Amino acid sequence: MRSSPPHLETTCPYCGVGCGVSAKLRDDSIIAVSGDKTHPANYGALCVKGSALHETMGDHGRLLYPSVNGQRVDWDTALDTVARRLNEVREEHGPGAIAFYLSGQLLTEDYYVANKLAKGFLGTGNVDTNSRLCMSSAVASYKRAFGADAVPCSYEDLDHCDLLILVGSNAAWTHPVLYRRMAAAKKRNPTMRVVVIDPRRTASCDLADLHLPISPGADGYLFVGLLAWLQQTGASRSEYIAQHTEGYLEALEAANAISFAETARLVGLETDVLETFYQWFAETDKTITFYSQGINQSSSGTDKGNAIINCHLATGRIGKIGAGPFSITGQPNAMGGREVGGLANQLAAHMDYNPGDLRTVADFWATDQLCQQPGMKAVDLFDAVADGRIKAIWIMATNPVVSMPDANRVREALQRCETVIVSDCVAATDTTATADILLPATGWGEKNGTVTNSERRISRQRALIKPVGEAKDDWWIMTQVAQRLGFSEAFPYRSPRDVFVEHAALSGFRNGGTRIFNISGLSELSEQQYNDLSPIQWPVTAESPAGTTRLFTEGGFVTASGKARFIAIAPRLPVQPLSVTYPFALNTGRIRDQWHTMTRTARAQRLLNHIDAPFVLVHPETARTNELDDGDLAEVRTAHGAVRVGVILDEGIGKNQLFMPIHWNDQFARQARVCSVIAPLTDPVSGQPEFKFTPAALKKVATPVWAMVVSREPLECNEFIDWSMTPLTDNKGYCYRFAAAEGFDWQAFISQQGFTGNCAHYADTEHRDERFICYEGALVQMAIFSHHSLSLMPATSWLQGLLSREITSSPWQLLAGIDMNQPDRGKLICACFEVGEKQILAAIVDGANSTKALGEQLNCGTNCGSCIPELNKLINETLNVDAA
């Protein structure tokens, strides 16, 4: 039985920054959170998603009880059923017919038990993770260059660099705490330069001294060209190359095969702009190249990573303060999963499928069932589910029906699979809908274990409150299944500490320095020491008990020769070319206030107030050519299907490019799962899918009628051309955006929802303007505002507030769609303090012409800082207009 926690410090469950969080509790509930000022990842800073963590808690929408074939069962029945089905598949079809699909949302202890059970005792190598979708190319490029999956840098290097290159990273939105750290470093160091390399002009360009809007997918050419430039201009460090590297001449020969002029043409830049970037890199010793999904999520992502690393090796910028190739992970425990063998081509403790490592792991686990070869990577794994080779799959803490490429095929595969087991904390996801067995897992605030962030820092994620319903920790669930399968001796765990110290001991077992991942210095922690564990960077050994800030400071790479390897790169553009049929390059990514498939962040209404519906970014000229306007409904089609989303005009995107967010799914929109239209093309080395370049077509969808609807109950949406939904605060209702056919019968729709109360109704047929306020007593139950133009709808913030207010006089006044006592604040810009665009513009006109002045007047930008790029944009646009 859990008692009150001795600590109220934990770690954020969102991105790979791994921010420390301090929680405030009342009556076994988390009522507030703030940044942990002592945590070295964030020193008290917290982005808007982290700041809203307490708003995502509660049992609403949670998976509360185990079920088998749709029927609620007790835990013993569920666990017995899982063990029986896995055993039956193993005996009839062999271990290769079983697969596990894991997640960077799992804690390291959960990950470790999953890999030990699957690879070590069931004997299947078919264990992969959603980290395959975001980090596997970075892993592969580090291993090729350094001999190990080892990020050499630390966050403090961002404080000391003189040149910061952001490539394939919109850090302002994806890693906002680090972005603010970059901004603070630039403010302290006036000579610091920032280069942003991205086909789009993103929020991160607010910090840029130079933005390189390269052609989509051309990053490899850019950095291969840089390697040649460094040699040709004498900027390479021959002494470092000779002493600490190998393969330089082969890499250089490949780089010199492409001329400078040809490189400029291929990357889509003027030669003087390209030369400026190359010169800045050549002359700046303290250079950080900070890269993320724009590099990794590519059919040549591993080569792109190695092209970046080659340039740092050529200049000796490895293991130095303020220098290095710095890959930033997308999830809170993507690195922890890699440490325990979460990828199909790895064993635990960063070991591989070679004879020596196989013996080491088998001996440590005392098993003769260890799988002897790598399993299938994510895309191949779900292909095997589709064709029936995999008969049972256990999915944990992830939503592949939304996040995998060709996602419709993934859903169909799971629907046909003999046994689908899903462990999750959320009841209704696109993936839980395919499950035969549902197992309720603990969520953030209830989980207990460790995570490892992007700088190799291990932090505690602590259980602060009791689990809801009958939810159990993932490590416990798998331990119980293992014991029912007859493996009790190997799975004796009674707490996450028991798992962690075994994991730590394995990292040091027969490790003579050939494996850089080593936390054996933590292998004898007591339960109390584990509870009290402070954030620490690996390696952690008897020789380095306080951890290790940066790697390879004296060379000493973990290749056979001890030297880092240059990789000869023949760069290439994306596999699928644009065509007359599909003339646009579709790019996908994250937005500022949402996370993955929205199962957590959509529980906090204010996180949907910044951007509340799925969209496609389109250049204004492209929109005009395709007869589209801002706010129109558009179909984005590829060879794999189509989605329907609203249009947002953006001059910062190329005319042949489109951008869509990854977050929306069938729980929140009719047809907006962008990964359903992404081809399952992968990097040949890492197996990571290409999410950044899919040829696409664009066309307008006729929308005779738009409607904004709020309702206390969820609504049936099958009749509409399109819809999207936002849950409201404290589960008080739902806000819908509908696209409907001409002459849609709203009164019939109201009746179909089962509403039998009073309705105030207004109709202007000439302008297709129809409104309903449906109420019982003094409370609005449903409100409908329908019009031919979405731009003429009431303010969303006003609509969302209807369900939380009483009708004090006549409901007919509400049909006006305005409230004189609550002026429309406009689109939300600052989610922390809920400050809208109209408020900000008014303050700028009144003289608040800096982010500091706006912060002093409205508080916007003074907490997490995520909105500062947008504040600067509004300031610049307003002042430029006034000047004109």
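**Notebook: a sheet and a helix pair**

I began with Met 708, whose bridge partner in β32 is Phe 785. The model is predicted, so I noted its limits: local features need pLDDT of at least 70, side-chain atom pairs count only at pLDDT 80 or more, and totals for chains, interfaces and linings use all residues. Residues are numbered from 1 along each chain as its sequence is written, and side-chain values use heavy atoms, without hydrogens and water.

Next I looked up the strands. Strand β27 (residues 705-711) pairs with strand β32 (residues 779-787) in the antiparallel sense, over six bridges. Strands pair if DSSP finds at least two bridges between them. Strands (E, at least two residues) and helices (H or I, at least four) are DSSP runs, numbered from the N terminus.

I then traced the open sheet of six strands: β28-β29-β27-β32-β31-β30, with antiparallel pairing. Its edge strands, β28 (722-727) and β30 (758-764), each pair on one side only.

I turned to the helices. Helix α2 (residues 75-93) packs against helix α20 (residues 474-484) at about 60°, with the axes 9 Å apart. Axes are lines fitted to C-alpha atoms, for helices over the stretch in contact, and angles run from 0 to 180 degrees between N-to-C directions. The two helices are therefore oblique to each other; that word covers angles left over from under 35 degrees (roughly parallel), over 145 (roughly antiparallel) and 65 to 115 (roughly perpendicular).

Which residues make the contact? I listed Trp 75, Leu 79 and Leu 86 of α2 among them, and Trp 476, Ile 477 and Arg 484 of α20 are also included. Contact means heavy atoms within 4.5 Å.
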